[in-house]
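Got the model open and wondering where to begin? Let's walk through it together, one question at a time.

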Amino acid sequence: MPGIVDIAVVTSPINIKKPLHTTSLYCFEEILIGGKEYENLSNEILDIQQISHYPFITLGKNTSTYTYYSNLFLNQKIPFHTDLEVATADQIFPLVKHNLGIGFYPKELISKDSDIFEIQTNIKNPEREILLVQDASRATNIATQKFIDTLSL
């Protein structure tokens, strides 16, 4: 990113090195969800081993979200297999709703949809953040600063 863009908005966890720095814009929690076909799972508490047996929907390989969940599984010595990888988080919800698999999704974005069920897990997902990344070695132009001010409201 240095010298390429003025700012970036990303989700944690992410490894940032100087001269880049981050500002937290928003914190969120992800929960595991499934469609009607997976409703029976909402009556259990699944561990990571059990989750690995179901079709899994996640963001693509070049995202911090994919890296986070891949590491979560691998730390438990469980291969991380995805069945569907999407470009943006908002694409996960309709795929889950149409029973193409289960996936982690920001809790606050889940509508009161009777076709979506929370699947309880014993996974301790840390609170994640939406971060503003800036290059501290570069001056911020006025348009970028106005945008940052809008984001920080």
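A pocket, in the sense used here, is an open set of grid points with protein on both sides within 12 Å along at least five of seven lines, and its lining residues have an atom within 4 Å of a point. Keep in mind that this is a predicted model.

Q: What percentage of the residues of the protein chain count as buried?
A: The C-alpha atoms fill a box of roughly 55 × 35 × 25 Å along the principal axes. A residue is called buried when its relative accessible area is under 20%. Out of 153 residues, the share that passes this test is 36%.

Q: Among contacts with a separation of 6 or more, what share comes from residues 24 or more positions apart?
A: A contact here means heavy atoms within 4.5 Å. Take the contacts in the protein chain with a separation of 6 or more, and the share from residues 24 or more positions apart is 78%.

Q: Does strand 8 pair with strand 3 in the parallel or the antiparallel sense?
A: Strand 3 covers residues 30-34 and strand 8 covers residues 117-121, with 3 bridges between them. Along this pairing, Gly34 sits across from Phe117. The sense is antiparallel.

Q: Which residue of strand 8 stands opposite Leu46?
A: Strand 4, residues 45-46, also pairs with strand 8, this time in the parallel sense and over 2 bridges. In strand 8, the residue facing Leu46 is Thr121.

Q: Is Glu30 buried or exposed?
A: Glu30 is found in strand 3. Its relative accessibility is 9%, and the cut-off for buried is under 20%. So Glu30 counts as buried.

Q: Which side chain makes a polar contact of 2.8 Å with the side chain of Glu30?
A: Glu30 touches several residues beyond four places away in sequence, including Thr65, Phe104, Pro106 and Asn125. Its side chain makes a polar contact of 2.5 Å with the side chain of Tyr69. The polar contact of 2.8 Å is with the side chain of Arg128.

Q: Which strand gives the most residues to the lining of the largest pocket?
A: The largest pocket has a volume of about 310 Å³. It is lined by 18 residues, and those nearest its centre are Thr11, Phe28, Ala89, Pro106 and Ile130. The elements that give two or more residues are strand 1, strand 2, helix 2, strand 7 and strand 9. With 3 residues, the one that gives the most is strand 1.

Q: How many nonpolar residues are in the lining of the largest pocket?
A: Sorted by class, this lining has 4 polar and 3 charged residues. The nonpolar count is 11.

Q: What volume does the largest cavity have?
A: Searching the whole structure turns up 2 cavities of 30 Å³ or more. Among the residues lining the largest cavity are Val5, Asp6, Arg138 and Thr144, and the lining divides into 3 nonpolar, 4 polar and 3 charged. The space in the largest cavity is about 80 Å³.

Q: How many charged residues line the second largest cavity?
A: About 50 Å³ of space lies in the second largest cavity. Its lining includes Ile51, Tyr54, Phe73 and His81. By class there are 6 nonpolar and 2 polar residues, and the charged count is none.

Conventions
Residues numbered from 1 in each chain as written. Predicted model: local features only at pLDDT ≥ 70, side-chain atom pairs only at ≥ 80, totals over all residues. Heavy atoms only, no water. Pairing = 2+ DSSP bridges. Helix = DSSP H or I, 4+ residues; strand = E, 2+ residues; numbered from the N terminus. 1 Å grid on protein atoms, 1.4 Å probe; cavity = no way out; pocket = protein on both sides within 12 Å on 5 of 7 lines; lining within 4 Å. Points joined across faces, edges and corners; volume = space filled by probe spheres on them. Nonpolar A, V, L, I, M, F, W, Y, C, P; charged D, E, K, R; others polar. Buried < 20%, exposed > 50% of the residue type's maximum accessible area, 1.4 Å probe, protein only. Polar contact = N/O pair within 3.5 Å; in protein donor to acceptor, adjacent residues only side chain to side chain.
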